[in-house]
Amino acid sequence: MKEFLNIRSALITDLVIYFKWVNEKVVRKNSFNSKKITLNDHEKWYLNKLKSKNTHFLIFEKESIPIGQIRFDIKDSKAHIDYSIDKKYRGRGLGGILLKMGIKHIINDLKIKNIISFKAEVKTSNISSIKIFENNRFKKKLFYDSNKVIFKKLIKN
């Protein structure tokens, strides 16, 4: 499947697809804030993130159809990861592919050189995402009094 995926930077015209993805039932369930997002709130957030030099949105397409996204928010040389896959394409092993391709793309193609580590926060109930980060050799830190697992991966220089 990897060879059939194209990566591109998100555009302002992707606002609607992101809105659809963010409000999809399983995505809301797996989010730390599970409330539905309004279009007005989403638009403000999306446009601010799109303008930010510290945020990088990547869209993955198969035959020009958006199938998922990965976002990197960079602060203090750490890239926080957020990703999702369109519900029609889940269960096909794409999460790990998006993660690997996204990290490679941001380091090699976008040449973001100041990243020293990647980080992701996952709900303990989101078994699929936990397995994806574990399978991609992210270090796991469990918080027993919380519903959160934090994953980190250092970049080799």
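The radius of gyration is taken over C-alpha atoms, and the rule for a globule is 2.2 Å times the number of residues to the power 0.38. With 157 residues, a compact globule would have a radius of gyration near 15 Å, and the chain agrees because its own value is 15 Å. This is a predicted model, in which local features need pLDDT of at least 70 and side-chain atom pairs count only at pLDDT 80 or more, while totals for chains, interfaces and linings use all residues. Residues are numbered from 1 along each chain as its sequence is written, and side-chain values use heavy atoms, with hydrogens and water left out.

## The chain as a whole

The C-alpha trace spans about 35 × 35 × 30 Å along its principal axes. Five helices and seven strands make up the secondary structure. Helices (H or I, at least four residues) and strands (E, at least two) are DSSP runs, numbered from the N terminus. Their order along the sequence is β-α-α-α-β-β-β-α-β-α-β-β.

Of the 157 residues in the chain, 41% are buried. Here buried means under 20% relative accessible area, exposed means over 50%, and partly exposed lies in between (1.4 Å probe, protein chains only). A contact means heavy atoms within 4.5 Å. Among the contacts with a separation of 6 or more, 60% are between residues 24 or more positions apart.

## The largest pocket

The largest pocket has a volume of about 1,100 Å³. Its lining has 41 residues, and those closest to the centre are V27, N30, D82, Y83 and S84. Elements that give two or more residues to this lining include helix 1 (15–22), helix 3 (39–51), strand 4 (78–85) and helix 4 (94–109).

The search uses a 1 Å grid over the protein atoms alone: a cavity is a set of points where a 1.4 Å probe fits but cannot get out, and a pocket is an open set with protein on both sides within 12 Å along at least five of seven lines. Lining residues have an atom within 4 Å of a point. Grid points are joined across faces, edges and corners, and the volume is the space filled by probe spheres set on the points.

By class, the lining has 16 nonpolar, 16 polar and nine charged residues. Ala, Val, Leu, Ile, Met, Phe, Trp, Tyr, Cys and Pro count as nonpolar, Asp, Glu, Lys and Arg as charged, and the others, Gly among them, as polar.

## Salt bridges

A salt bridge is a side-chain nitrogen of Lys or Arg within 4 Å of a carboxyl oxygen of Asp or Glu. The count comes to 10 salt bridges. Three of them are listed here.

| Pair | N to O distance |
|---|---|
| K20 and D86 | 3.5 Å |
| D82 and R71 | 3.6 Å |
| K140 and E134 | 2.6 Å |

The side chains of K20 and D86 meet in a salt bridge. K20 lies in helix 1 and D86 in the loop between strand 4 and helix 4, so the pair ties together parts that are 66 residues apart in sequence. K20 is partly exposed at 41% relative accessibility, whereas D86 is buried at 4%.

D82 and R71 also form a salt bridge. D82 is in strand 4 and R71 in strand 3, so this pair ties together parts that are 11 residues apart in sequence. D82 is partly exposed, at 31%, and R71 is buried, at 12%.

In the pair of K140 and E134, K140 is partly exposed at 43% and E134 is partly exposed at 34%. Elsewhere, salt bridges that share partners join K49, R71, D73 and D82 into one network.

The contacts below leave aside neighbours within four places in sequence.

S84 lies in strand 4 and is buried, with a relative accessible area of 11%. The contacts of S84 are W21, V27, G68, Q69 and L98.

G95 is found in helix 4 and counts as buried at 5% relative accessibility. Y83, I85 and I132 are in contact with G95.

I17 is in helix 1 and counts as buried at 19%. The contacts of I17 are I59 and P66. I17 and P66 are 49 residues apart along the chain, and their C-alpha atoms are separated by 8.1 Å.
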